[in-house]
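Trainee: I have a model open and want to learn how to read it. Where do I begin?

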Amino acid sequence: MCGIAGQVLFKSHAGNQGPNIAWINQVGIIQRHRGPDESNIWLGENVALAHQRLSIIDLSSAASQPMIDKVTGVVLLFNGEIYNYLEIKDELISKGHHFNSHSDTEVLMRAYQEYNEDVCKYLNGMFAFAIWDPRAKQLFCARDRAGQKPFFYHHSSKGLIFSSELNSLLAHPDIPKKIDLDSLSNYLNLGVYGGQQSAIKDIKKLPQGSALKYVLATNKVSVRQYWSFHKAKQDTHVSLQDINSQVNFLEEVLLDAIKRNVRSDVPLGIYLSGGIDSTLLISLMSSISNFELNTFTVRHSDKSYNEANIAQKTANALKSNHHEMVLDERVLMETINELLLKIDEPISDLGLIGISAVAGFAKKHVKVVISGDGGDELFYGYEPFLKWAFAEKIDLIPPIFIKIARGIINKMPAQYGYMGIFYKADIFLSAYRKPKHLKNRYWAGVFTPNEISELLISPDSQLHERIGPLKKNSDDQSIDDLGLEYQTSYLPDVICAHTDKASMLHSIEARSPFLDNAVIDVALKIPAKYKLYQGFGKYILRKLLHKRLPQSKVPWLKKHGYTVPMASILRTDLKAYMLEALSSASLNNIGIFRSEPIELLINDHISGKRNNHKKLWTLIVFVTWYRNNIIINKS
């Protein structure tokens, strides 16, 4: 887990100056948190590459980067982990390759030499890498299947610039600091910049499961998808016929994945909540011999958000070395202030705050943590999966009754605890009689298209057409289509993004066994009826956990999101900051938003009329990021 960056300057612009060395050196400072153990640069003709190293496997200098092959001159920058590097290494040795280190980095280098641009087919892990091949004078880059590791890039007539973080790209003088208003609309709708979009007009993200090739001679960039959830889902072969056989097989696959994921030369732990995913993972990890279990959990001072007692019982049952932190007002505000100051791109998902707090706590004890990312997306754990069938019945009710129900809800005092019943009901009814392929945008989204048009000074005439599902189809959309939407949008854009940002901020590596290739492949073949059953999401995972921990209540508990009490603190500790950040003077300085609708949101929230925390926090994050990155870089 590291930070990477580089520039390949198109030869017609190179002249006598070459790549921007000052920027390459500056990246080492900006991305230092991604790799505090070592920082190196490599300079070639028209090429400059930078690497910040977080040493996890092979801590020696033999694994340092940029890694250079002395025979071919190939140079590698790598961020992430290749979990099956030992298996690939054995195969490459049988083909005549020799190794100078024990690192997965060198395995990736030799694998590229053997398989060239097909190398990603052989990799099981999380990664974003860039390989400069002087023989072809081209840069080959790729990102993992699920999109766990980030890759931003800027392509212009001058060449290609890339980095692990958006703010380090913004430090380059050749990149215009122009906000992309089209993608801003999507951010306001979803709270993240999804797919290829970023906050900056001329900066893109390499999509999950994709590879990029830049050819110096032509200054051309091509992006191709080497793997996708959609294509994998089309393989409908299922060899297991009943739920029990599927549970047993999934157990074997998960255990193998965990054995790969715990390969490390540094201390390792696991985030433990009171939920199914982390509890299942620790139960499987406990069966690995000679492996010390270190667990980390958060105790919220707000009891409606707290799962620490459940996590403590699990830790006691499995005899882990358990560590608990109290997320009181002081720690919560310190975490929020740090994120607002250092976040590289706007992302308003509240899970980022909770994970950042526990990552900073875990860093005091370990360098690698196991996370439950992917369990909800692959096995249908989110509430929209449970709402899906019920929404069809609600849509049959005459509009007058829905209008009455929403009127009653709106007259009720705002609820500021964890997911109050009226708050949830209001969200659910917001998708009443909306097309099926759009419903989840109302359930999981922030601002509606109409609200966004009210917010923006310059109305977006094509907003309604552009904001829609990643997969547009007819209203016969199935539950698996909803699953695909989560796997291709929410997973990389929210879950993987906030885990990467939170862990890297504290120089700690987070690994997700549910996103192991083998687990993904199996999960996509398990029928929906084994994921959703009798009002339970992730039913097959619940069955597996019950098999392993029959005395535990966790398998049959309702899902409890990993979040923080933002609704309350916007009325207390964060109130003054909110009022300043979203004031007319602040908004006028940015010149994007109208102040009137935002003032109404603030007043309704503070007065207790309506819980607007999701909308207000989304605006606060963007405004703060803009002031820290755009205004500063323009001055």
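Mentor: We will take a sheet, a helix and a single residue in turn. Keep in mind that this is a predicted model.

Trainee: Start with the sheet. What holds strands together in general?

Mentor: Strands of a sheet pair through backbone hydrogen bonds, and the pairing is either parallel or antiparallel. Here six strands form an open sheet with antiparallel pairing. Their order is E2-E3-E1-E9-E8-E10.

Trainee: Which strands stand at the edges?

Mentor: Strand E2 (38-44) and strand E10 (204-205) do. Each has a single partner strand, so one side of each lacks a neighbour in the sheet.

Trainee: How many bridges link E2 and E3?

Mentor: Seven, in the antiparallel sense. E3 covers residues 47-53.

Trainee: Now the helix. How many residues of H9 are buried?

Mentor: Buried means under 20% relative accessible area. In helix H9 (residues 276-285), ten of ten residues are buried. Among them are Ile276, Asp277, Leu280 and Met285.

Trainee: And the single residue. Is alanine 510 buried or exposed?

Mentor: Apply the same cut-off, under 20%. Alanine 510 has a relative accessible area of 6%, so it is buried. Alanine 510 lies in strand E17 (residues 509-511).

Trainee: Which residues does alanine 510 touch, leaving out those up to four places away in sequence?

Mentor: Met1, Met126, Val369, Thr499 and Ser503.

Technical notes
Residues numbered from 1 in each chain as written. Predicted model: local features only at pLDDT ≥ 70, side-chain atom pairs only at ≥ 80, totals over all residues. Heavy atoms only, no water. Pairing = 2+ DSSP bridges. Helix = DSSP H or I, 4+ residues; strand = E, 2+ residues; numbered from the N terminus. Buried < 20%, exposed > 50% of the residue type's maximum accessible area, 1.4 Å probe, protein only. Contact = heavy atoms within 4.5 Å.
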